[in-house]
Amino acid sequence: MSGQQAAVKHERRIDYVEFASRDPAASRRFFEAVFGWSFEDYGPDYTAFDDGGLQGGFFRGEPVTSAAGAPLVVLHATQLSPLQATVLAHGGRLSRSEFTFPGGRRFQFIEPGGNELAVWSQRDAD
């Protein structure tokens with residue numbers, strides 16, 4: 001893909017996402033263990049991630065949950081229940097238990113740095 005084609009592909013698309021985290025190192029450990037993201041630290045107050053499709057970072061700050069109006073980032077998993085167990089085993093806590101919606105199921109969780117995310121799956125994937 002040429003540089004111009006790459007630029008067009010990224011034009012007006014989400015290119016990078018940053019999250020406030022009470023503890024960027026704890027957020028890093030969690031997302032490495034649970035989701036397999038790769039990270040690069042830029043001092044104690046910032047760590048950048050690459051999830052294989054999107055890049056972003058965690059900066060030291062106070063996160064806001066979706067109940068307070070923050071956007072909710074929704075990840076996908078083929079099998080929802082095993083991932084929920086892994087989230088809990090690595091220090092995440094549920095903010096909304098598994099529920100169904102048209103087209104699938106999902107749960108919402110708070111990671112150790114304080115950010116709320118969700119994971120969805122097709123209804124019959126488990």
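Colleague: How many bridges join β5 to β8, and do they run parallel or antiparallel?
Modeller: Four bridges join the two strands, and β5 and β8 run parallel. This is a predicted model, by the way.

Colleague: Which residue in β8 is the bridge partner of H76?
Modeller: H76 has W120 as its bridge partner in β8.

Colleague: What is the strand order in the open sheet?
Modeller: The order is β5-β8-β7-β6, four strands with mixed pairing. At the edges are β5 (73-76) and β6 (93-101), each of which pairs on one side only. Direction ignored, neighbouring strands of this sheet are turned by 25° against each other on average.

Colleague: And β7 with β8, how many bridges there?
Modeller: Six bridges, joining β7 (residues 104-110) to β8 (residues 116-121), and these two run antiparallel. F107 has V119 as its bridge partner in β8, and I110 stands opposite E116 in β8.

Colleague: What packs on the sheet?
Modeller: Helix α3 does, touching β6, β7 and β8. The direction of α3 makes about 5° with that of β7.

Colleague: Back to the hairpin of β7 and β8. Which residue takes a positive phi?
Modeller: G114, with phi near 105°. The hairpin has five residues between the strands.

Colleague: Is β8 mostly covered or mostly open?
Modeller: Mostly covered, since five of the six residues in β8 are buried.

Colleague: Now the helices. At what angle do α2 and α3 cross?
Modeller: Roughly 150°, with the axes of α2 (residues 24-35) and α3 (residues 80-89) coming within 10 Å. An angle over 145 degrees counts as roughly antiparallel, so α2 and α3 are roughly antiparallel to each other. The crossing of α2 past α3 is right-handed.

Colleague: Which residues meet there?
Modeller: From α2, F30, V34 and F35; from α3, L83, T86 and V87. The residues of that contact divide into five nonpolar, one polar and no charged.

Colleague: Why does Y46 count as buried?
Modeller: Because its relative accessibility is 18%, and buried means under 20%.

Colleague: What is Y46 in contact with, leaving aside neighbours within four places in sequence?
Modeller: Y16, E18, D41, G56, G57, F58 and F59.

Colleague: And how far apart are Y46 and R60 in space?
Modeller: They are 6.6 Å apart, C-alpha to C-alpha, and 14 residues apart in sequence.

Notes
Residues numbered from 1 in each chain as written. Predicted model: local features only at pLDDT ≥ 70, side-chain atom pairs only at ≥ 80, totals over all residues. Heavy atoms only, no water. Axes fitted to C-alpha atoms, helices over the stretch in contact; angles between N-to-C directions. Parallel < 35°, antiparallel > 145°, perpendicular 65-115°, else oblique. Left-handed = near helix turned anticlockwise from the far one by under 90°. Contact = heavy atoms within 4.5 Å. Nonpolar A, V, L, I, M, F, W, Y, C, P; charged D, E, K, R; others polar. Pairing = 2+ DSSP bridges. Buried < 20%, exposed > 50% of the residue type's maximum accessible area, 1.4 Å probe, protein only.
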